[in-house]
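Biologist: Please put the model up, and then I will go through it with you.

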Amino acid sequence: MDFKAISILAAGALLFVSPALAGITAKAHVDTSGVNMQPAYPATALAGHEQGAVIVAAAIREDGTVKNVAIAASSGYDDLDNAAANAVYKWKFVPAMVDGNSVEGDTQVKIVFNPPDEAQK
């Protein structure tokens with residue numbers, strides 16, 4: 001870390017701020033206001049009682065929409081992975097922020113699939 005950039009004497013404490021930390025930065029993240037829904041369990045996964053977790057990597061635009069998605073970690077089942085990727089692609093995100101401005105950013109989302117309970121049928 002380069003501590004030569006900025007030094008501030010405040011209340012008797014000497015603070016060092018790296019140029020990379022000078023702007024307040026927030027990573028892109030899922031909008032938790034209720035607009036995003038867990039993807040439905042795929043009908044094609046029922047027969048095999050497939051279950052697992054999928055980690056979807058998403059590139060987020062400045063307006064919070066998804067630019068593209070990729071599977072970062074597979075559940076081991078294509079139908080679960082595809083359901084997760086398709087859902088996340090339609091989700092709304094809070095964009096990354098740098099110095100108070102929205103910017104493109106990346107994030108990851110973990111989606112867990114479990115077979116529906118047979119009693120609910």
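Biologist: In β6, which residue is the bridge partner of V56?

Modeller: This is a predicted model. β5 and β6 pair in the antiparallel sense, over 6 bridges. In that pairing, the β6 residue bridged to V56 is I71.

Biologist: Which residue in β10 stands opposite V56?

Modeller: β5, residues 52-60, also pairs with β10. That pairing is antiparallel and runs over 9 bridges. The β10 residue opposite V56 is V109.

Biologist: In what order do the 3 strands of the open sheet stand, and which of them are at the edges?

Modeller: The open sheet is antiparallel and has the order β6-β5-β10. Two of its strands have a single partner strand each, so one side of each is left without a neighbour in the sheet. From one strand to the next the twist averages 25°. The strands at the edges are β6 and β10.

Biologist: Which residues make up the covered face of β10?

Modeller: In a regular strand, side chains alternate between the two faces of the sheet. β10 spans residues 105-113, and D106, Q108, K110 and V112 lie on its uncovered face. The covered face consists of G105, T107, V109, I111 and F113.

Biologist: Which strands of the sheet does α1 touch, and what angle does its direction make with that of β6?

Modeller: α1 packs on the sheet, in contact with β5, β6 and β10. Its buried residues pack against those strands and also against β7. The direction of α1 makes an angle with that of β6 of about 150°.

Biologist: Is D79 buried or exposed, and at what relative accessibility?

Modeller: D79 lies in helix α1. Leaving aside neighbours within four places in sequence, D79 is in contact with P42, T44, A45 and E50. Buried means under 20% relative accessible area. D79 therefore counts as buried, at 19%.

Biologist: How many residues has the largest nonpolar core, and which have the most contacts inside it?

Modeller: In soluble globular proteins, nonpolar side chains tend to be buried together. The largest nonpolar core here has 19 residues, and those with the most contacts inside it are V88, W91, F93, I111 and F113.

Biologist: Which element gives the most residues to this core?

Modeller: β5, α1 and β10 each supply at least two residues of the core. Among the buried residues of α1 are L80, A84 and V88. With 5 residues, the element that gives the most is α1.

Biologist: Which residues does W91 touch, not counting those up to four places away in sequence?

Modeller: W91 is one of the residues with the most contacts inside the core. Two of its partners, V109 and I111, are on the covered face of β10. The residues touched by W91 are V30, N36, M37, P39, G64, V66, V109 and I111.

Biologist: What pattern does the chain follow along the sequence?

Modeller: The chain has 1 helix and 10 strands. Of its contacts with a separation of 6 or more, 64% join residues 24 or more positions apart. Read along the sequence, the pattern is β-β-β-β-β-β-α-β-β-β-β.

Notes. Residues are numbered from 1 along each chain as its sequence is written. This is a predicted model: local features need pLDDT of at least 70, side-chain atom pairs count only at pLDDT 80 or more; totals for chains, interfaces and linings use all residues. Side-chain values use heavy atoms; hydrogens and water are left out. Buried means under 20% relative accessible area, exposed over 50%, partly exposed in between (1.4 Å probe, protein chains only). Helices (H or I, at least four residues) and strands (E, at least two) are DSSP runs, numbered from the N terminus. Two strands pair if DSSP finds at least two bridges between them. A nonpolar core is a set of buried Ala, Val, Leu, Ile, Met, Phe, Trp, Tyr and Cys residues joined through side-chain atoms within 4.5 Å. Contact means heavy atoms within 4.5 Å. Axes are lines fitted to C-alpha atoms, for helices over the stretch in contact, and angles run from 0 to 180 degrees between N-to-C directions.
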